[in-house]
Amino acid sequence: MPPLNPDIPPEVQDRLNRTPVQRKADLEAKRQARLDAMTPEERAAAQAHIDRVDAIPDEKRPAFVQGARLAVTAKTIKARVDGGMDLRDVLDQLDAEETAAVDWLADQVTAARTP
Amino acid sequence: MAVFTSIQTGSWHSAATWDQGAIPNLNVDDVVVAPGHEVTFGAGQYASLSPGRLILVVAGGTLRIQGALEAYNSEIHIFGTLTSEGDYLYVWGSAELTVYPGAALTVTSGFYLAYSATASIQGQMTIESGALADLFNYPALTLEVGGTIQTYGTCYIEWNSQAVIRDDFSIEDGGTVSLFDFPVVTIESSGAVFVYGTINVAWDARCEVFGYLGVASAGLLSVTSTGLINVYKDIRLGGRLTGGGKIVMLRREGRILDFNENSVFVLDRAYGHSKALAA
């Protein structure tokens, strides 16, 4: 493929010319280098995240994305409440629209888990 | 499998926008937004850039994401303009987002960098008022020399995230950056963080300051709980400082200055055992 634009450095043109398999391998190698720079504990925890994500079927990735957003919010609030923050103070910070969204989610979670 | 290149300004979901005469399938296709074209990924639309796939916005080109775009184990290269203004842009897995010199990433809605993904900001990144940028679960963001980040909105750097600041990062009036739950933010010697809004460092967050950290008169630096700031040189405190966390001055030569470079404290000459005296 000829260069699209002289402003594109050759290395980016090269990325475009590489196959998806090659690109994926390159990205994985860079990620592995980052993992190698971590402490053993950090590396094990990060690798556990990676393994879990890689096991997700393609069609479930959109759901996983939403689950991850939900989980990180829940984990953060739980950590603060465990540390002594009053959950009512957290909820009091929400405006009417936000309160309605949280109430909706709480109701849906309860309903989804009810046999 | 094909490379779809824009041939005119238009909707992502219009076949007339692309040289292939069809709509790109990000499971199997790459996408190039060409110079002079503005391509809009419409509201209500969702797409996932699959592993090994690539989106390239060439200098002079614009990609507006008004729906939701997710990039997993894939690459986004921005030489032009990328705007996340609808639902969100979600970069995760081993995915890489690169904003090259002269390029712009503007977030007016949501931007997520998660699960060991990386972002390299060599151009301009702007988080607008009301927008959210959220880093969580081992991602790494690097603001390179020549790049800038401005936030008027909210930025969370949380859950084992890493950020390296090598140039100007400004937290504007109304903007908030919060570090919590084991992130590490390193302001390197070439880097500078200007706080006109609020920065929170809390709950096992660590900030290593080799470069410039300055809090303007309207700014707030909150270091609470187990938050820690290690200062290797100077820190500028012209605004408010709150919280029960730690700011550790690691060198005798280090100074606590106001935003105009005047000393707030003068340290005694006795190395390591001095009392701090108010200037």
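**View 1**
Chain B contains zero helices and 36 strands, and its C-alpha trace spans about 75 × 30 × 25 Å along its principal axes. Of the 279 residues of chain B, 55% count as buried. Among the contacts in chain B with a separation of 6 or more, 30% are made by residues 24 or more positions apart. The predictor's confidence in chain B has a mean pLDDT of 92, and 95% of the residues of this chain reach 70 or more. Residues 273-279 of chain B have a pLDDT below 50, although this stretch has 13 contacts in the model beyond near neighbours in sequence. Where pLDDT is low, the predicted coordinates should not be read in detail. For the complex, the predictor gives an ipTM of 0.86 and a pTM of 0.91.

**View 2. The contact between chain A and chain B.**
Chain B contributes 35 residues to the contact, and chain A contributes 26 residues. On the side of chain B that touches chain A, the elements giving two or more residues are β3 (30-33), β5 (46-49), β6 (54-57), β8 (68-72) and β9 (75-78) of chain B. Sorted by class, this side of chain B has 20 nonpolar, eight polar and seven charged residues.

One position to look for is T186(B), whose bridge partner in β27(B) is E208(B).

**View 3. An open sheet that begins with β2 of chain B.**
Here twelve strands of chain B form an open sheet in the order β2-β4-β7-β10-β13-β16-β19-β22-β25-β28-β31-β34, and the pairing is parallel. The edge strands, β2 (10-11) and β34 (255-257) of chain B, each pair on one side only. Strand β31 (residues 234-237) of chain B is joined to β34(B) by three bridges, and the two run parallel. Across this pair, R236(B) has L257(B) in β34(B) as its bridge partner.

**View 4. The enclosed strand β8 of chain B.**
Because five of the five residues of β8(B) are buried, this strand is largely enclosed by the rest of the structure. Both of its faces are covered, with A68(B), E70(B) and Y72(B) buried on one side, and L69(B) and A71(B) buried on the other. β8(B) pairs with β5(B) in the parallel sense over four bridges, and in this pairing L49(B) stands opposite A71(B). β8(B) also pairs, again in the parallel sense, with strand β11 (residues 88-92) of chain B over five bridges, where Y72(B) stands opposite W92(B).

**View 5. Two loop residues of chain B with positive phi.**
Y138(B) lies in the loop between β17 (132-136) and β18 (140-143) of chain B, and its phi is near 70°, a positive value in a residue other than glycine. Y138(B) counts as buried because 27 C-beta neighbours lie inside 10 Å. N160(B) is found in the loop between β20 (154-158) and β21 (162-165) of chain B, and this residue, which is also not glycine, has a positive phi near 65°. N160(B) has 21 C-beta neighbours inside 10 Å and therefore counts as buried.

**View 6. Helix α4 of chain A and the residue G84(A).**
Helix α4 of chain A covers residues 61-82, and its 22 residues, at 1.5 Å a residue, should span 32 Å; the end C-alpha atoms are 30 Å apart, which agrees. Just after α4(A), G84(A) takes a positive phi of about 115°.

Methods:
Residues numbered from 1 in each chain as written. Chains lettered and ligands numbered in written order. Predicted model: local features only at pLDDT ≥ 70, side-chain atom pairs only at ≥ 80, totals over all residues. Contact = placed C-beta atoms within 7 Å. Nonpolar A, V, L, I, M, F, W, Y, C, P; charged D, E, K, R; others polar. pLDDT = per-residue confidence, 0-100. Expected span 1.5 Å × (residues − 1). Buried ≥ 20, exposed ≤ 12 C-beta atoms within 10 Å, placed from the backbone. Pairing = 2+ DSSP bridges.
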